[in-house]
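Colleague: I would like to go through the terms used for this model. Please set each value against its definition.

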Amino acid sequence: MSNEIVLNVNSLSISFGGLKAVSDFNIDIKKKEIYGLIGPNGAGKTTVFNLLTGVYKPEAGEILLCGENIVGLDCVSINKKGIARTFQNIRLFSNMSVIDNVKVALNEHYKYNTLQGILRLRKYFECEKKMDEEANNLLKVFSIDDLANVTATNLPYGKQRKLEIARALATRPKLLLLDEPAAGMNENETKELMETILKVRDEFDMTILLIEHDMKLVKGICERLTVLNFGKVLSSGNTNDVLNDKEVIKAYLGD
Amino acid sequence: MNRLKNKKFIDKIITFFIIIVAYVVTDVLNNMGMVPSLISGLLVSFCTYSIIAVALNLVVGISGELSLGHAGFMCIGAFSSAIFTRYMKFLGVENIYIFIIAIIIGALVSALFGFLIGIPVLRLKGDYLAIVTLAFGEIIKNIFNAIYLGYDENGFHVTLKSASALKLKEGGFFIIKGPQGITGAPRYSTFLIATILLFICVFVIYNLIDQKTGRAIMALRDNRIAGESIGLNVTKYKLIAFTISAAFAGIAGVLYAHNFHTLTASTKNFGYNMSITILVFVVLGGMGNIRGSIISVVVLTILPEILRGLEGYRMLIYAIVLIVVMIFTNSPFVINYRKNLKLKFNKAKGVKHE
Ligand SMILES: Nc1ncnc2c1ncn2[C@@H]1O[C@H](COP(=O)(O)OP(=O)(O)OP(=O)(O)O)[C@@H](O)[C@H]1O
Ligand SMILES: [Mg+2]
């Protein structure tokens, strides 16, 4: 693993009303690392994702993506800078087909304009063909290419989660954020998902930060962890060390 | 993958086919004198309202925004083009090229207004567009209802006061005469031209939907937050949809203006009632369903004419039919029922269903 730092966050804070949802949050993630963010319900994990992707503006702190400060940018620009995400409660383009869900995320990378599309010029067909190929390859990674033409909302739950990851990858990010990717999956599906995440890391040289409650998944694939509790970092470091930390055990078992 | 492409493609081709066949059949029958005068008088109107219904469908069904002022864009297209053709008629120039220029003028002026209104409004979340477009439609209608525009040797004169306030010289004439509107614009709108314009409209919108821009527009309709998370610029895509829609609404207005001898901005023509009627076409034909919009225009335009004999009961029956069809096309229960029926049908034919 290289030592290039993809994400570096320093003393990030935000509060809602009186509630300090996240305070003084720090993290640094290396290239090709799979990093876990865990913590009890309401600890502020999703809020961290929302801060990283520009949904919320932090009250303090800085977010460096490959050395560049992205605080203050909106969601669209942050995605263009290279952060893509999935959502805890799945957000697909539900009336569109599976492949169109992925193709629309490729928009930035294929250049033809609206008029060329309307007039069906050669450029349109060339780009569409390449987009179909790339989208199809992504679907293959998640073994849902046979469902390419199904409307997204008709997919079974586990496959919807996979499609969301495929869509995020289609924007060709530097950093991929997964919010509880295994939620609602059975043991087999989770196992399969773990393999897929490893495959994504290796095939795409991807750096991944994931939120997860499933400890088997966390132990299985995360190299390092950060534990959040009441918006504060309780512990961080190598997965095994962190999970054996007394404070962490206390927070999880509630004494 | 090719199957889906085919599905979209086939859908498009069916619509093109229906338009062309409907035109040819109607035209042949019409020449043989076999179309009832009641319907032959409506042929251009079918196309006019189909164009504006398809245009509104782009905003409401495809882009997921509510516009209650599309009659306003139609009004702008109608007046801007008729001012031009009426003036050219005064100069003694009357030919098809003038009408083509008029169509372009109507489309561009209307698109410009769509763009200008869209910029501030489409940035906002929520139903602001509905409110602003509703107000816009009424303002436009009232302006064209009040305006006097005349031309004489000193050039153009405009006032909102009265006909005499225009102080036209000898030999001058009114282009717009207040509530009396524009009289004597050439009647360029033929069934053929109207059908061609409808065809262009349908062509553009189908090809808009099935490409990068269209997918982005629909993605933002389905889930705005997810759309932003993959880098889709909300304002840009909503604005593209809205501006193209306004352009075609303007073209519908051009057809309308050149279908009758006089053009007035009355409540019936361009008021919010009209906007709602157009919305009914769209909802009834199915959100995002281009062909559905056209079919529902034809049905709902013929229906009141057929029911004319029933006098007082006419609107009652019209309303009942509307409700029944609405339930049939939009109730989840019926939709499921139809889905199952289709599945059974496919099974019987041995077609594998996904
Ligand atoms: N927009 C908001 N307005 C007000 N409070 C919020 C907002 N977003 C989050 N919170 C609060 O911040 C706290 C952290 O929420 P967050 O969703 O980040 O938790 P989480 O760690 O993701 O929990 P879970 O495991 O249940 O997903 C919660 O108390 C939540 O109610
Ligand atoms: Mg959460």
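**Strands, a buried lysine and a ligand**

Modeller: Strands E4(A) and E5(A), the latter residues 68-69 of chain A, run antiparallel and are joined by 2 bridges. The model is predicted: local features need pLDDT of at least 70, side-chain atom pairs count only at pLDDT 80 or more, and totals for chains, interfaces and linings use all residues. Residues are numbered from 1 along each chain as its sequence is written, chains are lettered from A and ligands numbered from 1 in the order written, and side-chain values use heavy atoms, without hydrogens and water.

Colleague: Why is it said that E4(A) and E5(A) pair?

Modeller: Two strands pair if DSSP finds at least two bridges between them. E4(A) and E5(A) have 2 bridges, so they pair. One bridge joins A:Leu64 to A:Asn69 in E5(A). The two strands form a hairpin with 2 residues between them. In the turn, A:Cys66 has a positive phi of about 50 degrees.

Colleague: What makes E1 and E4 of chain A a pair?

Modeller: E1 (residues 5-16) and E4 (residues 60-65) share 5 bridges in the antiparallel sense. A:Leu7 has A:Leu65 in E4(A) as its bridge partner. Strands (E, at least two residues) and helices (H or I, at least four) are DSSP runs, numbered from the N terminus.

Colleague: Why is A:Lys103 called buried?

Modeller: Buried means under 20% relative accessible area, exposed over 50%, and partly exposed in between (1.4 Å probe, protein chains only). A:Lys103 has 2%, so A:Lys103 is buried. A:Lys103 lies in helix H3 (residues 98-103) of chain A.

Colleague: What does the side chain of A:Lys103 contact?

Modeller: Its partner in a polar contact is the side chain of A:Asp132, at 2.9 Å. A polar contact is a pair of N or O atoms within 3.5 Å; within protein, one must be able to donate a hydrogen and the other to accept it, and residues adjacent in sequence count only if both atoms are side-chain atoms.

Colleague: How do you know that A:Lys45 makes a polar contact with ligand 1?

Modeller: An N or O atom in the side chain of A:Lys45 is 2.8 Å from an oxygen atom of ligand 1. A polar side-chain atom of A:His213 lies 3.0 Å from a ligand 1 oxygen. For A:Ala43, a polar backbone atom is 3.2 Å from an oxygen atom of ligand 1.

Colleague: Which element gives the largest share of the shell around ligand 1?

Modeller: H1(A) does, with 3 residues.
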